[in-house]
Amino acid sequence: MTKPGEVLLKVDDLTVEFDTPRGPVRAVDGVSWQVRAGEMLAILGESGSGKSVSTQALTGILEMPPGRIVSGTAEYRGADLIQMTTRERRRIVGDRITMVFQDSLSALNPVQSVGTQIAECYRVHRGMSKRDAMKKAAEMLDQVRIPAAAKRVGDYPHEFSGGMRQRVMLAMALALDPDVLIADEPTTALDVTVQAQILELIAELQAERDMGVVLITHDLGVVSDVADNVVVMYAGHVVERAATAEALEYPVHPYTEGLLGSMPSAELKGRELPTIPGTPPSLQAIPSGCAFRTRCPVAVDDCAAEVPPLLTIAPGREAACIRRTSLAAREAV
Amino acid sequence: MIRFVLRRAVAAVPIGVLVTLGVFALVFAMPGDPLRELAGDKPIPAAVLAAKRAQYHLDDPFIVQYLLSMKDILTGHFGTTFAGADIADQLRLRIPVTLKLTLLANAVQWTLGLFFGIYAGFKRNGWVDRSLLLATLVLLAVPGLVAYFAAQYLFGVELKWFPVSGVLEGFPRSYLLPALVIGVLGFAGLARLLRTSIVETVNADFVKTARAKGLGEQRVLWRHILPNALLPVVTFIGLDLAGMFGGAIITESIFNLPGLGQFMFQAIKLKEGGVVVLLSTLAFISFILINLLIDLLYGVLDPRVRNV
């Protein structure tokens, strides 16, 4: 069992590259984060910011090649997943660390009943008999609040609605009572009311089990609802790390600020929604220095000089912006 | 399910009428007089000719001839060929020959196709995969006729491994050479299809899910990738199996196997409309049946198309 507050998964300086015909592309660059028991950590970023790639790399499900882990460690309770053999890693990934994906229709095997797919976890990792495993699968479906679970274990993924299917994915991920759940955009494919139900369910199940949850999302609304801490990523770098409440209240990095500014709110009613000018850079042509400087309202010439380091501004508060961190430091003096 | 089968059977009736009518019309439109061709160079007395013509209704209008043939087929009175052989007896003798050839050829084709397809799909860009692509191109470029005669010459005449033609050595020896040639010519397409299907499935999201569940590579391949990758192949196999009768017309004639294909070939040569239509009807019924079986099998393999 996990101790309360124990660091379960600690990613340190993870760098992932993809080999392309036009040379290597760095999708994740020196990323670090950690998640504790009972904590919900949100990794926030637009598509292409490297948020999914980092988790796929450490769980070993990233296609390698073309992907390649250049450096870094990902320790599950002190054991480095990246240095492990595939066989050793399979004992942890799928058992102690499990994953939920975005599109539940394509993420579930269309020709196997949902019961069989959930039961597979018990059969492979616990060596249970088919009967016992199916019984446990039905229990799991019940735990994720699928009505008439016992009747639905034999149904196929296409016979469920989107929200119900995502519950099935959750049941499968939580079947073995994992320590860490990595939820990769679990609500993106769902409509708003169902999104809220799924997030609530994840939060409830987390509280029951005291597990660590890594929630990958591009939706600030999702983060503000449920996450304890947030890591903001941009073009493969972590640009800000903070407790959710603080990040929402006082964003330090201009990118986080821009994201917050473009959230629809009651005050903005009737007016055009502000946006961050420009588009995210192609990973093949990341600007020198700070990757965000070409879209940044406060950029100066110095921003092009070198990649801004992630600096601590306050306890548990880090940001990678020479304009803001130096400013904050000056204010602190 | 029973409703599905019945609906398919009913839908097959008008198609069957069109097919048989078309085939009969084609035979009717062929030039030449069947009875004179049968007699060869020998002169036939006019009275005999007239009697024979009356026996086979050759002087009746087209549609009457067609309806009489269909009546015979549907009531099971197949009658005799122009040469006097009992058609029902002929069918009893010939159907097993064609079945043996077709099944053996398919066994060769499926075994090779599934084996190489799965291997090439799982070991992409390996040497088996690359050789398969080359082999496919070569095999698709070789006309069947060339391959049959070349195989007869090489393995029958020169190496003497197999009989050149005929069924004197019985099953399976007499059938091996034609079955192998058909199988080898046909397997490459099947293997390529399966290979491509596997490659597409490997990148599916549910395969990522399976890996994230910590499953071993073998389990991912056999339990998750293959059952999904096989779906398009089942359709291909069905169509291929149903089309085998057409191929049998040529192979049975070249290898002198007394099956339905050879029967068809002779009947066409002699303008025996009744026999041609009978055999076409048989082929049509087997085509419909095989397709029905494939659709039912597909429903078993893919829950998404059940109950439709």
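**View 1. Where chain B meets chain A.** In this predicted model, the contact draws on 22 residues from chain A and 18 from chain B. On the chain B side, two helices, α9 (205-212) and α10 (217-242), each put in at least two residues. Which helix gives the largest share of that side? That would be α9(B), with 6 residues. Sorted by class, the side of chain B that touches chain A holds 7 nonpolar, 6 charged and 5 polar residues.

**View 2. The annotated domain of chain B.** Here we're looking at residues 95-294 of chain B, which an unreviewed UniProt entry labels "domain: ABC transmembrane type-1".

**View 3. The open sheet of chain A.** Eight strands of chain A line up in the order β6-β7-β8-β3-β9-β10-β12-β11, and the pairing is mixed. Why do β6 (97-100) and β11 (311-314) of chain A each have one side without a neighbour in the sheet? They stand at the edges, so each has just a single partner strand. Going from one strand to the next, the twist averages 20°.

**View 4. Zooming in on β3 and β8 of chain A.** Strands in a sheet are held in pairs by backbone hydrogen bonds, in either a parallel or an antiparallel sense. Which sense applies to β3 (residues 40-44) and β8 (residues 212-217) of chain A? This pair is parallel, and the pairing runs over 5 bridges. For a handy spot to look at, find A:L41: standing opposite it in β8(A) is A:V214.

Definitions and conventions
Residues are numbered from 1 along each chain as its sequence is written. Chains are lettered from A and ligands numbered from 1 in the order in which they are written. This is a predicted model: local features need pLDDT of at least 70, side-chain atom pairs count only at pLDDT 80 or more; totals for chains, interfaces and linings use all residues. UniProt positions are given in the numbering used here, feature names are shortened, and annotations may be inferred rather than shown by experiment. Two residues are in contact if their C-beta atoms, placed from the backbone, lie within 7 Å. Helices (H or I, at least four residues) and strands (E, at least two) are DSSP runs, numbered from the N terminus. Ala, Val, Leu, Ile, Met, Phe, Trp, Tyr, Cys and Pro count as nonpolar, Asp, Glu, Lys and Arg as charged, and the others, Gly among them, as polar. Two strands pair if DSSP finds at least two bridges between them. Axes are lines fitted to C-alpha atoms, for helices over the stretch in contact, and angles run from 0 to 180 degrees between N-to-C directions.
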